[in-house]
Amino acid sequence: MFSFSDMPSTTAVLSTYTTFAASAVLVRTVISEVQNVSNQLVPKGLQEKIMSKLGFLMGNLSSTMCIVIDETNGFSNNEIFEAAEVYLRTRIDTSVRQLKVSKVPREKNLSVTINKGEESIDNFDGMLLKWKFVCIETQKTNLDTENNFTNEIVERRSFELRFDKKFKDKVLDSYLPFVLERSKAIKEEKKVVRIHALGYYGEVDGSWGPWGSVNLDHPSTFDTLAMDPTLKQELIEDLNRFVRRRHFYKRVGKAWKRGYLLYGPPGTGKSSLVAAMANYLKFHVYDLELASLHSNAELRRLLVTTKNRSIVVIEDIDCSIDLENREDGDEYSANPMIKKNQLTLSGLLNFIDGLWSSCADERIIVLTTNHKDRLDPALLRPGRMDMHIHMSYCTFSGFKILASNYLGIKSHWRFNEIERLMEEVEVTPAEVAEEMMKSEDVDAVMEKVVKFLCKKRSERVGKRDGVEGGGGGGEEKVIGRKRKARSRR
Ligand SMILES: Nc1ncnc2c1ncn2[C@@H]1O[C@H](COP(=O)(O)OP(=O)(O)OP(=O)(O)O)[C@@H](O)[C@H]1O
Ligand SMILES: [Mg+2]
């Protein structure tokens with residue numbers, strides 16, 4: 001058991017230290033001696049106290065400066081500590097002896113951090129920076145409900161950042177802002193995209209609101225999406241330009257938002273494209289089902305609870321709201337007690353380009369429809385939906401993307417035949433994908449695809465000649481309407 005009478009050697013070293021205080025080099029040697037002696041004799045808490053006193057004196061003598069970054073700042077978290085923690089995960093070099101590894105459920109990657117007491121070296125713009133992760137355990141005495149004193153061990157965590165004194169301004173003005181910026185980017189890279197939907201009231205991402213959310217585990221990416229390659233490239237460039245142009249939007253006084261209208265028959269990949277956009281930008285998705293809303297006010301309320309850097313999606317816009325009655329929001333139906341339609345197109349248009357949009361940044365709005373021709377021209381006016389994207393029937397280049405994704409093949413002897421057939425019939429990527437799921441044998445799948453396309457062709461010919469035939473684009477539309485009639489208000 002340790003007692004203060006065991007300490008003469010430490011006290012002796014301390015007085016030696018004072019004698020030689022003028023020499024920083026000697027002080028360093030002395031400190032390392034103290035460390036050696038105290039490692040053997042002195043308990044850890046006391047060791048840390050002695051070393052911090054000596055470190056302070058040494059700081060005055062040497063050319064090194066130390067910035068202490070505590071985990072908390074009073075009651076609030078210290079953002080620089082959080083940023084340093086994230087940033088240093090990417091700066092682990094071979095000098096680190098102990099690491100800590102953890103994994104959060106559903107996170108794909110391990111989280112690796114340096115353990116307490118460990119140091120990590122960084123270089124920035126000609127400066128050498130030494131980070132140390134310090135954890136000090138202190139005892140806190142609490143009074144419990146029965147007026148008994150209880151002791152609790154509390155861990156105070158901080159980072160110490162050491163560098164040459166002459167770099168003080170550069171560290172404060174350039175390096176720490178750089179760490180903050182980098183940590184933001186790292187967090188963004190690791191962000192798990194979530195999809196939010198209505199019908200749930202609870203805590204989401206630490207705040208209360210009407211949106212429930214789950215991870216968007218949709219595997220769709222621009223690589224897996226079968227769509228016109230030029231259009232795909234245009235869209236990717238449009239998205240890149242949009243996220244880059246924060247200052248542009250500010251300068252020209254426009255809300256930082258962009259609208260996309262995706263139209264085309266069912267099964268051509270409109271919803272898959274939304275998922276691909278979300279995965280590409282790492283934006284959360286808000287699936288706004290207008291059919292479950294009752295008024296424009298409710299729509300506004302919902303929108304203010306959505307977060308920046310997100311995609312608000314309204315699927316099947318032609319079925320969700322009575323688009324013909326643009327101004328009838330305040331009118332009443334035959335029964336004056338029942339408001340006919342309080343959620344109006346003008347309410348929706350306000351949502352798209354009205355005042356609300358200035359209360360949020362970096363927003364994407366996506367409307368999808370099977371029937372662009374049924375939309376009110378007000379929705380199609382230039383500047384409202386910035387890009388109209390036609391998701392069309394599967395082309396041969398789309399087929400090749402699907403074949404590569406589903407079967408891992410780039411070519412097959414039946415490709416020429418399939419190319420010819422695809423020029424003759426209208427088939428959706430969803431239909432092709434379904435055929436490709438039917439077997440693991442490539443030849444068997446190719447056979448099925450050819451048969452399916454031939455069947456489609458004969459149905460088309462039958463239809464053209466007035467013979468009753470299933471399938472084809474016409475039927476798809478009917479199925480789409482039937483299926484979607486559910487969501488009509
Ligand atoms: N362009 C495509 N590229 C790759 N896969 C596709 C594509 N289109 C459809 N699919 C496949 O078909 C399934 C259904 O497609 P999706 O739901 O995206 O179509 P949609 O256009 O949104 O249809 P709807 O109009 O009925 O909502 C997807 O999960 C995907 O497997
Ligand atoms: Mg869809």
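User: Helices (H or I, at least four residues) and strands (E, at least two) are DSSP runs, numbered from the N terminus. Which helices each supply at least two residues of the shell around ligand 1?
Analyst: Heads up, this is a predicted model: local features need pLDDT of at least 70, side-chain atom pairs count only at pLDDT 80 or more, and totals for chains, interfaces and linings use all residues. Residues count from 1 along each chain as its sequence is written, while chains are lettered from A and ligands numbered from 1 in the order in which they are written. As for the shell, the helices you want are H8 (270-281) and H15 (429-436).

User: Which residues come nearest to ligand 1?
Analyst: A residue is near a molecule if its C-beta atom, placed from the backbone, lies within 6 Å of it. There are 17 residues around ligand 1. The ones that come nearest are Pro266, Gly269, Ser272, Pro429 and Ala430.

User: From which domains does the shell around ligand 1 draw at least three residues each?
Analyst: Domain bounds here come from an automatic or database domain assignment. On that basis, the shell draws at least three residues from each of domain 3 (194-390) and domain 4 (396-484).

User: At what angle do H13 and H15 pack?
Analyst: Axes are lines fitted to C-alpha atoms, for helices over the stretch in contact, and angles run from 0 to 180 degrees between N-to-C directions. The contact (C-beta atoms, placed from the backbone, within 7 Å) is made by Gly398, Phe399, Leu402, Tyr406 and Leu407 of H13 and Pro429, Val432, Ala433 and Met436 of H15. With their axes 10 Å apart, H13 (residues 396-407) and H15 pack at an angle of about 35 degrees.

User: At roughly what angle do the axes of H4 and H5 cross?
Analyst: H4 residues Ile80, Ala83, Ala84, Val86 and Tyr87 meet H5 residues including Leu176, Val179 and Leu180. The axes of H4 (residues 79-88) and H5 (residues 168-190) come within 8 Å and cross at roughly 65 degrees.

Note on methods:
Two residues are in contact if their C-beta atoms, placed from the backbone, lie within 7 Å.
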